[in-house]
Amino acid sequence: RALASAEANLFLAVRPSPSSGPVDLVYSVPGGPASIRIVDALGRIRFESPVVQSGDGSLRSRRTTSFGRGELPSGRYWAILEAGASREVRSFLILR
């Protein structure tokens, strides 16, 4: 499921879900600081990364980050994209 926040033009999708292998985090954000986190069902941060700006300083282009090449056990996880006061959240399943 992929939805965009009209307020900040955030976009976040997680593919595929469920997954037994890598998961692609597809995201787009307006300019400015942003970050992506993966949290588990207990609220533990399993992955965190700032969103890196392109050479021209723009973050509007759509980007994909592959994640989960075996480091996550089976379970439900949440991908969280934050930019300023705006947030997009998507849940996904890992099945090993």
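Me: Quick one to start: does F11 count as buried or exposed?
Reply: F11 counts as buried, because its relative accessibility is 11%. Buried means under 20% relative accessible area, exposed means over 50%, and partly exposed is in between (1.4 Å probe, protein chains only). Bear in mind that this is a predicted model, where local features need pLDDT of at least 70, side-chain atom pairs count only at pLDDT 80 or more, and totals for chains, interfaces and linings use all residues. Residues are numbered from 1 along each chain as its sequence is written, and side-chain values use heavy atoms, with hydrogens and water left out.

Me: Which strand is F11 found in?
Reply: F11 is in β2. Strands (E, at least two residues) and helices (H or I, at least four) are DSSP runs, numbered from the N terminus. β2 is mostly covered, with five of its six residues buried.

Me: What does β2 run antiparallel to?
Reply: That's β3, joined to β2 by five bridges; two strands pair if DSSP finds at least two bridges between them. In that arrangement, L12 stands opposite Y27 in β3. Also, the C-alpha atoms of F11 and S28 are separated by 5.0 Å, although these residues are 17 apart along the chain.

Me: Zooming out, how many helices and strands does the protein have?
Reply: Zero helices and eight strands. Of the 96 residues in the protein, 40% are buried.

Me: What order do the strands of the open sheet have?
Reply: The open sheet has four strands in the order β5-β4-β7-β8, with antiparallel pairing. β5 (45-50) and β8 are at the edges with a single partner strand each, so one side of each has no neighbour in the sheet. On average, neighbouring strands of this sheet are turned by 15° against each other, direction ignored. Axes here are lines fitted to C-alpha atoms (for helices, over the stretch in contact), and angles run from 0 to 180 degrees between N-to-C directions.

Me: And how many bridges do β4 and β5 pair over?
Reply: Five, in the antiparallel sense. I36 is opposite S49 in β5.

Me: New topic: which residues touch the most other members of the largest nonpolar core?
Reply: L25, V51, A79, L81 and F92, out of 18 residues in that core. β2, β3, β4 (34-40), β7 (75-83) and β8 (86-94) each give two or more residues to this core, and β7 gives the most, with four. A nonpolar core is a set of buried Ala, Val, Leu, Ile, Met, Phe, Trp, Tyr and Cys residues joined through side-chain atoms within 4.5 Å. In soluble globular proteins, nonpolar side chains tend to be buried together.

Me: What is F92 in contact with?
Reply: Leaving aside neighbours within four places in sequence, the partners of F92 include V14, V23, I38, W78 and A79. Contact means heavy atoms within 4.5 Å.

Me: Is S19 buried or exposed, then?
Reply: S19 is buried, with a relative accessible area of 5%. Not counting residues up to four places away in sequence, S19 touches L93, I94 and L95.

Me: What does the side chain of S19 reach?
Reply: The backbone oxygen of G21, at 2.9 Å.

Notes. A polar contact is a pair of N or O atoms within 3.5 Å; within protein, one must be able to donate a hydrogen and the other to accept it, and residues adjacent in sequence count only if both atoms are side-chain atoms.
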